Amino acid sequence: MEINHSVRIGIVGAACAGLTAAEELRDLGYQHITLIDAKNRAGGKTYSIPYAHRTKQTRGIYEGGTVWVLPSPLYKKYKKRYGISASQHIMPPVQVFDLSSGKISSPFLVQSQYSVVSRIKQVVKFFGKLKKYTRYDDPGYINTAYREMSEFSPQWFANNDLGFIREALIPIANAAQFGHIEEDVATAYVIKLLALLNRCDLPKKLLLNMPQLQEGNQELWNRIAANHDVRLGQTITRVTRSQTILVETTSQQWEFDHLIWTAPVEEFLSLADASPEERDIFSQVRTIKRAVITCKVEGLPSNIFYCVRNTSQQPLPASYPLAMYEVDPGSKIYSFYPFMDETTTVEELENSVLDLVKRLGGSQVEFLTKPLIWKWFAHFSPQNLREGIYERLDMLQGCQNTYFANELTAGVSVPYGIEYAADIVQRFFPPQASSIGKMLQKQELSTASNQLARH
Ligand SMILES: Cc1cc2nc3c(=O)[nH]c(=O)nc-3n(C[C@H](O)[C@H](O)[C@H](O)COP(=O)(O)OP(=O)(O)OC[C@H]3O[C@@H](n4cnc5c(N)ncnc54)[C@H](O)[C@@H]3O)c2cc1C
């Protein structure tokens, strides 16, 4: 194996994917790793924001990005490594609010034509099916099973006799990821999202009362960033690849041997000397926008997490919040989650929040800030998927010593992002001399202790 002590690795993006790549590379003995981020903070879409109305009972934090901390062995490893407290902030169970009937119920108890027995059978069948997509060692969309799921999801649920599962879980999937476009996305994306549920134990799967980090979800990434060479607030102006890779900003330039790109691929296209294949693949990526609106509201029930039912039979406007919850029990601070289409305005977003609050009996809405708007859900068309675009994307990995690890390649969510980034490191970066020494030492120690135990 070739050992090179001075491999220089640049990582663009200092959020969960980039920081995981850095952490895993360092574990393998790489020492010259630089992370570059455009923002003045680490964490990207994991963004914990303090609010002023804090009381002794509340944490005084709301999440502007990542809401739920979903299970991942890697996440667990980092939480332990960086001293994140074991006690967690548990969110209320999810309930579905039907605007037309005014009814609020647990997802699996929604009004439906299906009998109790049929519901139970479908739940068992569905979670059984999901097992195939729950493997931690199978990140991204390379598994051919995803290529085979290019049809639209309503069709897939009907073909699989899972009509009740669609009724129960699609309002949650739409609130979490697809908004108003669920009917236009390939089943692969819907199943990949719902497969995250299979990582939870049965009560959590059914109740969806998920945790947040006590310190705020961003704190883990802040602590990891503090242990690496992270350059924040850097506007990259150009990326040029030849023998080595040059990354230029308005004031600096770096030279790397490898580049891991964890920012959106559209950014790559606009800044880098993209190859025709990179250009062809990345120009086909679709995205939407979503917003987070946080307000102080009087008169709403405390400790709630509602998903607002949005179906093709009763569609809501794109700007209507599809999820809402109180950020801390008793805080009276609520976050609302609408999506946006090309025409949605901030005024429409705020009016939709006011409408939902009114329907729920609340009043005196005080917006804490302007809506936080995120570019969201990088994905391909069903046709692209059928034609094997993810296989083509995977073939790009390592070309010109460049690697892509982001929501497009990994799928949306922190677990998927970090597991994909770790996989890229494992596939393309051999352990360095210093870490081989440590690994051998560990192995020798365990052999010696096994021998002692035997005697
Ligand atoms: C509102 C919301 C709710 C969510 N809820 C959950 C949830 O409950 N559970 C869950 O697991 N996930 C959730 N997610 C998704 C999760 O946060 C993301 O999938 C994950 O954080 C993606 O991490 P990433 O590192 O791939 O990308 P990002 O977090 O998007 O990071 C990309 C980084 O690249 C930087 N960057 C971009 N362009 C450039 C450039 N030109 N130059 C340099 N740097 C650049 C950005 O500043 C950013 O730091 C949520 C996200 C949002 C927005």
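This is a predicted model: local features need pLDDT of at least 70, side-chain atom pairs count only at pLDDT 80 or more; totals for chains, interfaces and linings use all residues.
Q: OK, the ligand. Which residues come nearest?
A: Asp37, Thr66, Trp68, Glu267 and Glu407 come nearest, out of 35 residues around the ligand.

Q: What does the side chain of Glu407 do there, in distance terms?
A: One of its N or O atoms is 2.5 Å from an oxygen atom of the ligand.

Q: And how far is the backbone of Lys45 from a ligand oxygen?
A: For Lys45, a backbone N or O atom sits 2.8 Å from an oxygen atom of the ligand. Ser413 also has a backbone N or O atom by a ligand oxygen, at 3.0 Å.

Q: How much of the ligand does the protein bury?
A: The protein buries 92%. That is out of the 1,000 Å² the ligand exposes when taken alone.

Q: Which domains does the shell draw on?
A: Domain 1 (8-46 + 216-284 + 380-434) and domain 2 (93-208 + 286-376) each give at least three residues.

Q: New topic. In the largest nonpolar core, which residues touch the most other members?
A: Phe126, Tyr189 and Phe282 do, in a core of 113 residues. Helix α6 (residues 163-178) gives the largest share, 9 residues.

Q: Where does this core lie relative to the two domains?
A: Between them, because domain 1 and domain 2 both give residues to this core.

Q: Why group nonpolar side chains like that?
A: In soluble globular proteins, such side chains tend to be buried together.

Q: Now helix α7. How many of its residues are buried?
A: 8 of the 8 residues in α7 (residues 187-194) are buried, so the helix is largely enclosed by the rest of the structure. Among them are Tyr189, Lys192 and Leu193.

Q: Last one, Leu35. Buried or exposed?
A: Leu35 is buried, with a relative accessible area of 0%. This residue is found in strand β2 (residues 32-36).

Q: How far apart are Leu35 and Leu193?
A: In space they are 28 Å apart, C-alpha to C-alpha. In sequence, 158 residues separate Leu35 and Leu193.

Methods:
Residues are numbered from 1 along each chain as its sequence is written. Side-chain values use heavy atoms; hydrogens and water are left out. A residue is near a molecule or strand if one of its heavy atoms lies within 4 Å of it. A polar contact is a pair of N or O atoms within 3.5 Å; within protein, one must be able to donate a hydrogen and the other to accept it, and residues adjacent in sequence count only if both atoms are side-chain atoms. Accessible areas come from the Shrake-Rupley method with a 1.4 Å probe; for residues, only the protein chains shown count as cover. Domain bounds come from an automatic or database domain assignment. A nonpolar core is a set of buried Ala, Val, Leu, Ile, Met, Phe, Trp, Tyr and Cys residues joined through side-chain atoms within 4.5 Å. Buried means under 20% relative accessible area, exposed over 50%, partly exposed in between (1.4 Å probe, protein chains only). Helices (H or I, at least four residues) and strands (E, at least two) are DSSP runs, numbered from the N terminus.
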